[in-house]
Structure formats: structure tokens, C-alpha cells
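Trainee: I'd like to learn how to read pockets and ring pairs in a model. Can we go through one together?

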Amino acid sequence: MRLPYDLSKTARVATVLLLVYCVAEAAFAWHSYILYGFYNVVEAGLLSNAELDAEAARIDGTGVLVAVVFLIVLISCYIVSGMWIFRASSNAQFVEPDPEAIRPGWAVGWFAIPFANFVMPYKSMGQTWARLAGRDGPSWPSWGIIWWVFWLISTIVAGVGNRINLSAETFDQYRLGATLDIISSLASIPAAILFRKLILEVTALSAEARPASTPDLEEGHP
């Protein structure tokens, strides 16, 4: 019997978007680095007021472009990756029904719950992998925890950086905010690459998975 979802189409879109996201994060890190240097120049008083205004306008213009593109790519990744996570979890529930496992809706929803999103999405993905792989299939990969560690670093550092950027009043605070933005972006790139790998491997497991044999399934019910 067929599983509820063919993950391959969603996976193709998600994996392409994740590569684009890596480029967007690199651009964001580059702009944060430019800002860091600009704060040094302003503090040192190396430019005239006219030169500072021109440089600030150039950096702001570039920043708006980077931010708009980044936001579009980020939202697109959230939507498509969320669809893939929901569908993969739904397939896993179909293959091996488990009332105690995280439901497909919560497999996505836990990402939006503060503090719980440090643990529950990782747990959900592990459950999805285990049920699609089956007892004789491959176990959860060792690099899975590396993916999650990079994701946690990126998320936590970005949150701290945003708070500092919003309340910054001194050059040291502005530079710290820019530094944290760079760290967050650089941590996001390997997290995205490893998540892309996870999508490909779970999609392959789903393609090979077979649903549990039940009377309803034998009668042809989906």
C-alpha cells in the first residue's frame, strides 16, 4: 500500500531552497562583517561627516537588499521544510502507528515553542527516522546530533544578538551584536547542509518503507 505522501517532490524543493538559504546566510554574515568594520571607522573618526553619511547610506542600502532577500528565502525554507517534516512524520505514523509518538502537527509546531524547541523537534525527527527505517534499517546517524548542535547554536546566538542589537548604545555593544550575527549565520550554514542531508536520507527511507499490515490496509483503505 502507498504511504500518505510522496516525499520526493517536497524534498527536491526543500533541498534546493536550503542551498539558497546557505548563500543568503553567507551574504548576511558578510554584511554583518561590513557593519563591524564601519563601527570601527566611525569610532576612530577616520572619515568626514560627508564621507560617513555616504558610507552609511551605501551600507544601509546593501543591508536592506540583503535583509529582504534573506527574509524571502527564510520564509520559503520554513514553509517547504515544515511541509516536508509534517509529511515525513505522517508517513512514519502510517508505517508504525504509535499513539505516544509526537503527532505530525506537533512535529512542526514544536519549532515555535520557546525552550521546548531545544529538544522536541530533534526527538520528533528521531522518531520519524526510527519508524521509517524499521527494526532492520539504519539507526539514527551520528551526525544527527551535530546537525542539532549547530541549529541550537545558531538559534540561541541569533536570539541574544537580536536583543543586543535592539538595545545597543555603545560601539562595543554594536560590535558585539554584529559579531553574534556573524557567528549565528556561520553556524546556520552547516546546520542547513546537514538538515538537507537528513531530508534526502529520510526521503529515501520513506520510499522503501512499508506500512504495517492490518485488516483495514488489506481491504484497500489508505
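Trainee: Which residues lie nearest the centre of the largest pocket?

Mentor: Rolling a probe the size of a water molecule over the atoms shows where empty space is left. A pocket here is an open set of points on a 1 Å grid where a 1.4 Å probe fits, with protein on both sides within 12 Å along at least five of seven lines; lining residues have an atom within 4 Å of a point. In this case, Tyr21, Leu74, Tyr78, Trp151 and Thr155 lie nearest the centre, out of 28 lining residues. This is a predicted model, so local features need pLDDT of at least 70, side-chain atom pairs count only at pLDDT 80 or more, and totals for linings use all residues. Residues are numbered from 1 along each chain, and side-chain values use heavy atoms, without hydrogens or water.

Trainee: What classes of residue make up the lining of the largest pocket?

Mentor: The lining has 16 nonpolar, 10 polar and two charged residues.

Trainee: How many aromatic pairs are there in the whole structure?

Mentor: Rings of Phe, Tyr and Trp (its six-membered ring) pair if their centres lie within 6.5 Å; planes under 30 degrees apart are stacked, over 60 edge-to-face, the rest tilted. The search finds 17 aromatic pairs. Tyr21 and Phe70 make a tilted one, 6.2 Å centre to centre with 35 degrees between the planes.

Trainee: Is Tyr21 buried or exposed?

Mentor: Buried means under 20% relative accessible area, exposed over 50%, partly exposed in between (1.4 Å probe, protein chains only). Tyr21 is buried, at 12% relative accessibility, and Phe70 is buried at 13%.

Conventions
Ala, Val, Leu, Ile, Met, Phe, Trp, Tyr, Cys and Pro count as nonpolar, Asp, Glu, Lys and Arg as charged, and the others, Gly among them, as polar.
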